[in-house]
Amino acid sequence: MKIVVPVKRVVDYNIKPRVKADGSGVETTGVKMSMNPFDEIAVEEAVRLKEKGVASEVVVVSIGVQQAQDTLRTAMAMGADRAILVLSEESPEPLAVAKVLKAISEKEQPGLFILGKQAIDDDMNATGQMLAGLLGWGQGTFAGKVDVADGRVKVSREIDGGTEDISVALPAVVTADLRLNEPRYASLPNIMKARKKPMETLKAEELGVDMARRLTVVSVAEPPQRQAGVKVGSVGELVEKLRNEAKVI
Amino acid sequence: MSESVRESMEFDVVIVGGGPAGLAAAIRLRQLSPETSVCLIEKGSEIGAHIVSGAVIEPRGLAELFPDWQDRGAPLNTPVTSEEMLYLTESRSLRVPMLDRLMPHMANHGNYIVSLGEVCRWLATQAEELGVEIYPGFAGSEVLIENNRVVGVATGDMGINKDGAQGPNYQPGMELRGRYTLFAEGCRGSLTKQVTAHYDLRKGVDPQTYGLGIKEVWEIPAENHRPGLVQHSFGWPLDDHTYGGAWLYHFGENLVSYGFVVGLDYPNTWLSPFDEMQRVKLHPAFRKHLEGGRRVSYGARALSEGGLQAIPRLTFPGGALIGDSAGFLNVPKIKGTHTAMKSGMLAADAVIEAMQTDRVEPGSFTQRVKDSWLWEELRTARNIRPAFAQFGMKGGAVYAALDAMLLRGRAPWTLHFKHQDNETLKAAALCEKPNYPKPDGALTFDRLSSVFLSATNHEEDQPVHLRLRNPSLWKTVNWDVFQAPEARYCPAGVYEVVDEATAPALQINAQNCVHCKTCDIKDPTQNIDWTVPEGGGGPNYPAGM
């Protein structure tokens with residue numbers, strides 16, 4: 001069985017994002033970019049399934065600018081076998097991504113897609129679900145545990161108040177939650193070897209996908225500054241402030 | 001411990017450090033000899049992640065490396081258009097007249113205000129296009145020496161947990177073996193320390209003296225932005241025995257680089273470079289530039305100030321020291337990028353020659369340096385910084401002006417450094433406590449909110465990379481005599497005294513470390529050993545730094 005894992009190049013999670021002066025988005029020029037952490041978990045899970053002998057090949061896909069090849073190289077250093085880079089403008093929308101992945105699916109015929117549940121830049125949490133819908137496949141989202149056996153994938157889903165275990169027929173789409181696994185480091189020897197693994201570059205138009213934007217960003221702003229607290233001298237003063245200043249009682 | 005399982009890889013040249021020196025050497029090697037395999041490792045998570053500099057740079061070194069640097073799109077976008085040198089008193093500032101005659105080193109005509117991190121990122125793309133293999137996120141932790149020859153370096157093991165055992169994500173380090181190894185770690189490199197000790201490279205030269213630079217980048221309202229403006233200051237708030245001053249550069253898109261350098265030979269144990277840096281922003285001459293803006297990043301790094309007299313032997317069997325690992329900074333010019341790049345290029349020339357003639361030591365590097373403009377520059381500048389060390393700030397300034405106007409750097413004498421920076425501190429009882437204002441949250445800030453902006457991060461579960469050689473010395477020397485100077489000179493809040501009133505003890509918050517190396521330099525008994533943490537750790541400076 002072949003597994004396809006889409007990976008996204010995003011602003012590194014250690015970086016405090018800075019909103020552009022014109023409020024059109026966050027500053028990305030010269031900012032450290034790396035693989036979306038949920039996608040790292042997805043890659044790790046796919047590689048583990050390959051190491052267990054469940055999967056035969058792990059293919060990673062990224063849709064975006066040329067520099068996304070660094071992200072793909074990282075995924076291959078973690079253990080993916082080959083990569084496909086689909087060139088488009090930076091940060092395409094989830095629906096466009098899902099359509100590209102559908103086209104990739106027709107080309108690659110995978111038995112399983114594993115995606116990160118969401119990307120940390122736009123927090124959309126949509127691509128996996130849209131992909132399953134477009135393909136007409138079953139989906140196991142927010143996976144905290146994944147088992148593949150007998151043509152089905154068992155997924156423990158992290159839901160409010162606990163977990164929900166479901167079983168989905170393959171082919172299927174799984175999205176990875178935070179506790180699914182702890183991704184490995186890409187070791188230096190593996191990074192060196194990853195330079196020699198195959199990477200195919202395609203253009204989104206070649207796949208016949210309409211990448212036009214359907215969403216408009218109205219404005220991006222930083223969260224308001226939190227006001228400093230005050231110390232009160234007595235219970236009476238506290239009650240007075242809650243009543244007259246905060247107006248909550 | 002893990003030698004048996006370590007993989008190894010052979011290269012012609014291994015370069016440790018992805019700053020201007022290492023990248024220039026790598027580029028030059030491939031330009032001269034495209035079949036030479038060159039591997040460059042960098043402990044930062046990406047090239048540029050650990051680069052902090054003002055920076056006004058002289059394009060001379062870059063222009064020799066790439067005569068067509070402008071067509072190639074090198075990010076030198078803000079030419080210096082005007083400059084001022086200010087002498088500060090507490091509330092006033094006096095502009096130094098005839099700057100180009102009194103302080104000719106400070107003349108910045110033809111220079112550019114840049115983000116050195118951006119320049120390095122750009123150099124790295126050029127190097128990769130030439131076929132240099134660059135591996136950021138891997139720290140060289142061990143020099144490989146066989147038969148008294150350096151044969152490469154080993155990267156550190158990853159995934160070792162706090163108590164030294166292998167964690168679930170353990171990956172052994174890797175040996176990167178090279179016919180020649182160039183150390184380009186910047187000031188006070190941790191592998192450079194090992195090589196210097198092994199080959200006794202500092203024998204017969206002056207002790208190296210250092211400075212600590214602390215920097216902030218601000219975004220200011222467009223109407224106040226004057227791209228190309230360079231402002232330096234000396235005087236207040238430092239006393240006559242403390243070398244240092246502030247810089248402020250307007251560059252890029254509404255950005256201002258502000259920072260402060262303190263000579264680490266300062267005597268007052270109560271001095272806090274961080275707080276000095278913060279309070280200069282309140283001076284009218286600086287406040288007017290920053291008010292209404294917001295701080296976007298923060299960083300710190302030590303720099304070598306010893307100049308010519310403190311340059312060690314540059315080569316050893318199997319390699320050489322380049323850039324600020326050797327100490328090629330020109331102090332009166334406060335510039336080291338052009339000299340670092342030049343030294344990297346000259347070392348590349350020497351390595352190619354050694355390779356062709358099958359010599360173990362790239363020994364012609366030293367002569368090449370002595371025959372170059374780099375040496376001439378450092379030679380004429382050699383007496384300025386030691387004059388400040390010997391005659392104080394006012395005496396040093398007078399000497400510098402005389403040197404510039406009358407001697408033009410050709411004095412028949414050479415002034416020397418007499419002390420290591422760790423020997424200059426005075427006991428707490430003999431020093432006067434400065435009175436630093438509380439941070440106002442608008443112009444001035446505390447250490448922790450500053451460190452946050454450096455985006456520094458270290459894998460939490462790893463051994464502490466700042467080691468006390470003798471833990472008991474802390475109480476008897478650092479605390480009893482000097483009242484914990486490390487809590488003040490560390491710009492990242494790494495060193496913290498706990499239980500001050502009852503049983504004072506040192507707490508090391510190694511996760512905060514921004515890799516400036518000051519503790520390795522200034523600790524009174526050199527009891528603190530800065531070793532590399534797991535690769536990829538440390539600050540993540542954004543473009544602009």
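This is a predicted model: local features need pLDDT of at least 70, side-chain atom pairs count only at pLDDT 80 or more; totals for chains, interfaces and linings use all residues.
View 1. Residues are numbered from 1 along each chain as its sequence is written, chains are lettered from A and ligands numbered from 1 in the order in which they are written, and side-chain values use heavy atoms, with hydrogens and water left out. The search of the whole structure gives 13 aromatic pairs over all chains, where rings of Phe, Tyr and Trp (its six-membered ring) pair if their centres lie within 6.5 Å, and planes under 30 degrees apart count as stacked, over 60 as edge-to-face and the rest as tilted. W69(B) and Y112(B) are edge-to-face, at 5.7 Å centre to centre with 85° between the planes.

**View 2. The edge-to-face pair of F274(B) and Y298(B).** The ring centres of F274(B) and Y298(B) are 6.0 Å apart and their planes stand at 70°, and both residues are buried.

**View 3. A cluster of rings in chain B.** Here F183(B), Y199(B) and F316(B) are linked by ring pairs.

**View 4. Charged side chains over rings, with NZ of Lys or CZ of Arg within 6 Å of the ring centre and within 35 degrees of the ring normal.** R295(B) lies over the face of F445(B), 3.9 Å from the ring centre, and the charged end of K433(B) sits over the ring of W270(B), 4.4 Å from its centre.

Notes. Buried means under 20% relative accessible area, exposed over 50%, partly exposed in between (1.4 Å probe, protein chains only).
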